[in-house]
Amino acid sequence: MSHRMFLRSLYRLQNLSRSSSNVNPKHAVLAAFQPLLQNRPYANTPQPAASASSVNQTELAKFAAIADSWWDVEGPFKPLHIMNPTRLAFIRSTLCRHFGKDPFSARPFEGLKFVDVGCGGGILSEPLARMGASVTGIDAVEKNIKIARLHADLDPVASSIEYRCTTAENLVEDHMKFDAVIASEVIEHVADPAEFCKSLSALTVSNGATVISTINRSMRAYATAIVAAEYILHWLSKGTHQWSSFLTPEELVLILQRTSISVEEMAGFAYDPLTGQWSLSDDIGVNFIAFGVKNSQ
Amino acid sequence: MSRLIATRRLVSNIFVPRLATRAFCTDAPAKLNDVPSGSHFNKEPEGDERFMNDVPQHDIAIVGGGMVGMALACSLASMPLTKHLSIAIIDSNPALSNGPLIKKDDPPDPRVSTVTPATISLFKDIGAWEHVEQHRHAYFDKMQVWDYTGFGYTKYNARDADKDVLGCVVENKVLHKSLLSCLQNKDFNSTIYPTRLSSLSLPTRSVSSAGGSVSSTSSKNLANLAKLDLSDGTNLYAKLVVGADGSKSRVRELAGIKTTGWNYSQSAVICTVEHPTENFCAWQRFLPAGPIALLPIGDNFSNIVWTMSPKDASNHKIMNEVDFVKAVNHALDSGYGPRPESRVFGGDVLSSFFRPDVTSSVHERFEPPPKVVRLVSDRMAFPLSLMHANQYASKRMVLIGDAAHTVHPLAGQGVNMGYGDVSSLSNVIADGVAVGSDIGEVTLLKKYEAERKTANIAMMAVLDGFQKAYSVDFGPINILRAAAFNGANVFAPLKRNIISYASGERRLPFLS
């Protein structure tokens, strides 16, 4: 499927350059990528005409079905729980450096406002709150927000998290701004990643941070994240991910660039089957996480 | 009956049990309603110690303030990521609140430990070693091991593995007191509860049900924590309970963790003895019933650890002192069998083959151990066993030290394994705090378990192997053991390997 898309985009690129000789090559490449990004399986489902939402109803339904088991460490979200400390390590390291905070402090993000977009049950929001940040967690699935609130009430530090059942676009309409916007393992589930990134950027203050983690659209990712994780090891239920919805790091960088966010650091997550542990690595072939800074206007 | 230490610098507080005044006051009801005034006497809580319905909450409750429990407290106090945590130490030992000063001219206590270089570096990192050095302690850099058959011996020298010392022998009370002083000198939020744990309730599974909106937020909050009931009637809540309460751990029993192990049909007799001159070497002779070890403790004193059958142990405990000293000298040198012959290395074909690899200690002759002239302490006897807990960690609970594992004292490794646990657990807790984890979460604690279980089981297998190998008095086995002695003495890589593993530098034997 990707081969066809690639050829189609190449054809469009050639056409563009043939039609006008002074076209900016960067725009040409982006234009070539546009159809690729819009040609996602569920983009044709009728969206509410009110606001261009990046919400994908089928994806929401998938998550609503297993919402009760968010905090069951052995349940369907087990891989996310195991991976959590690794992505938090990247977030902590890049954000401490960016905001000039002491990495040895137990609460380095004191005084900073974070938003966790697509927070689910709050697996990422709670540790961020424990690190001192004022966290707002948003998710389009009402059930997730309920579960997140219930679990956060168990810990007085986490109960300071503000959970809202809403979308990134709605927050933009409310003119909210945050020091750091984090969307982890979300962008592969949205209908329109370009719109989604535009919203994320609008939520970030200038010189603020944006962190996005997702899965690469590579053959290796197909073999590991889809075939192995869903069909062989049964870590994720079948259909959790659609390979065609994955983004390559280059695409993500380009999309973010269009929204005035320049990606400064990227890392991959590597899984060691012998120890059962994830670690940060340079290999962005499968899971990767990107840290970008919003350009100061 | 409530004594408060009212200096501004001292952060270790004594928690005043509310009910203790009942027996003494006529207006008991009024007293019972008082908020216990001990804990927050001289400073504002730094945000981490909360009172919820008058019941204190801590981040970590260490049950058992012995050598290993206090080391964990000090270790957490010395790391920037964990020094803001609020710790409760539960131990009824009066030495914790107002420890008697150790007088320099007391004879050494027979309860001593041999600390390995790995443990010494842990103590240096947490800032407790400087306190140990102010009291009696004895570094040793030489060790001689042989058995009663006289077929072979091994001499270890720290220089074989390019080290300065093989270890240091320190009295347990010195180690404990040093850790206590170290903790008191730190600006650390720790509270000592001078009582015992009577019951414990741990949350079963993470509370995620949609129901339960009836209970208030604060009680839901508490239901997610571990609750400790102390024997004087006080309660406290903690995010993590650490069981550091020894081989008969109450925490392990209350958490329902099963153990595997067996009793050795042996007991150890320990005492302190005196020599005419100072002893700088550690000596261990394997006898048919078990090894006798002579460890230097400082000045002209040495510590004896003599393993024998339980019946013999009680006999040796009650026999008169002169007879006992004679028995010790008999066991160390003159009795049970001949002295091994000193092997002079060189001159034969084998030695020319191995010449580049030999260690300097190969050339050292067999030395008889120094004579014991006087017994200077009481004799104590205790039974020996091997024990290993099936799990080290469960939700909001973790075991360290003897609560998790006990071993035979023949290689002086027991408490060092406990200190390895302390080092690993404090690093795991720091890593957890760094990424904002809930420190009582099982996934985090299992990382500690995975790291330490492999190392501890490997060490226990090695020690148990030695214990079994030496309890057989059978011709061919004796020859094999002698060959092992000689082999360990001659083959430098093997000797370096043994020294480095016993020093705690490597977690696993034979894998570098």
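How many salt bridges does the structure hold over all chains? It holds 29, where a salt bridge is a side-chain nitrogen of Lys or Arg within 4 Å of a carboxyl oxygen of Asp or Glu.

Some bookkeeping before the details. This is a predicted model, in which local features need pLDDT of at least 70 and side-chain atom pairs count only at pLDDT 80 or more, while totals for chains, interfaces and linings use all residues. Residues are numbered from 1 along each chain as its sequence is written, chains are lettered from A and ligands numbered from 1 in the order in which they are written, and side-chain values use heavy atoms, with hydrogens and water left out.

Chain A, in outline. Its secondary structure comes to ten helices and eight strands; these are DSSP runs numbered from the N terminus, helices being H or I with at least four residues and strands E with at least two. Chain A has 297 residues, and 51% of them count as buried. Buried means under 20% relative accessible area, exposed means over 50%, and partly exposed is in between, with a 1.4 Å probe and protein chains only. Of the contacts in chain A with a separation of 6 or more, 68% are between residues 24 or more positions apart; contact means heavy atoms within 4.5 Å. Chain A exposes about 13,200 Å², and carbon and sulfur atoms supply 56% of that. The accessible areas come from the Shrake-Rupley method with a 1.4 Å probe, and for residues only the protein chains shown count as cover.

Two salt bridges in chain A. A:Glu74 and A:Lys78 meet through their side chains at 3.4 Å, N to O. A:Glu74 is exposed at 56% relative accessible area, and A:Lys78 is partly exposed at 33%. The other is A:Glu195 with A:Lys198, at 3.6 Å, N to O. Both residues lie in helix α8 of chain A, residues 193-203, three residues apart, or about one turn of the helix. A:Glu195 is partly exposed, at 25% relative accessibility.

Now chain B. B:Arg452 forms a salt bridge with B:Asp421, with the closest N and O atoms 2.7 Å apart. B:Arg452 lies in helix α13 (442-470) of chain B and B:Asp421 in helix α12 (414-434) of chain B, so the pair ties together parts that are 31 residues apart in sequence. Are these two residues buried or exposed? B:Arg452 counts as buried at 11% relative accessibility, and B:Asp421 counts as buried at 0%. There is also a network: salt bridges with shared partners join B:Arg136, B:Glu171, B:Lys173 and B:Asp299.

Next, an open sheet in chain B. Three strands form it in the order β5-β9-β6, with antiparallel pairing; two strands pair if DSSP finds at least two bridges between them. The edge strands are β5 (112-115) and β6 (137-140) of chain B, each pairing on one side only. From one strand to the next, the twist averages 20 degrees. Four bridges join β6(B) to β9(B), residues 167-171, and B:His137 has B:Val170 in β9(B) as its bridge partner. Helix α4 of chain B, residues 117-126, lies across β5, β6 and β9 of that chain and runs at about 95 degrees to β5(B). Axes here are lines fitted to C-alpha atoms, for helices over the stretch in contact, and angles run from 0 to 180 degrees between N-to-C directions.

Strand β16 of chain B, residues 290-298, has nine of its nine residues buried, so it is largely enclosed by the rest of the structure. Five bridges join β15(B), residues 281-287, to β16(B), antiparallel, and B:Phe286 stands opposite B:Pro291. β15(B) and β16(B) form a hairpin with two residues between them. Six bridges join β16(B) to β17(B), residues 301-308, again antiparallel. In the hairpin of β16(B) and β17(B), B:Asp299 takes a positive phi near 55 degrees.

Last, the interface. Chain B and chain A each put 22 residues into the contact. The area buried between them is about 2,000 Å², 59% of it from carbon and sulfur atoms; buried area is the accessible area (1.4 Å probe) that two parts lose on being put together, summed over both.
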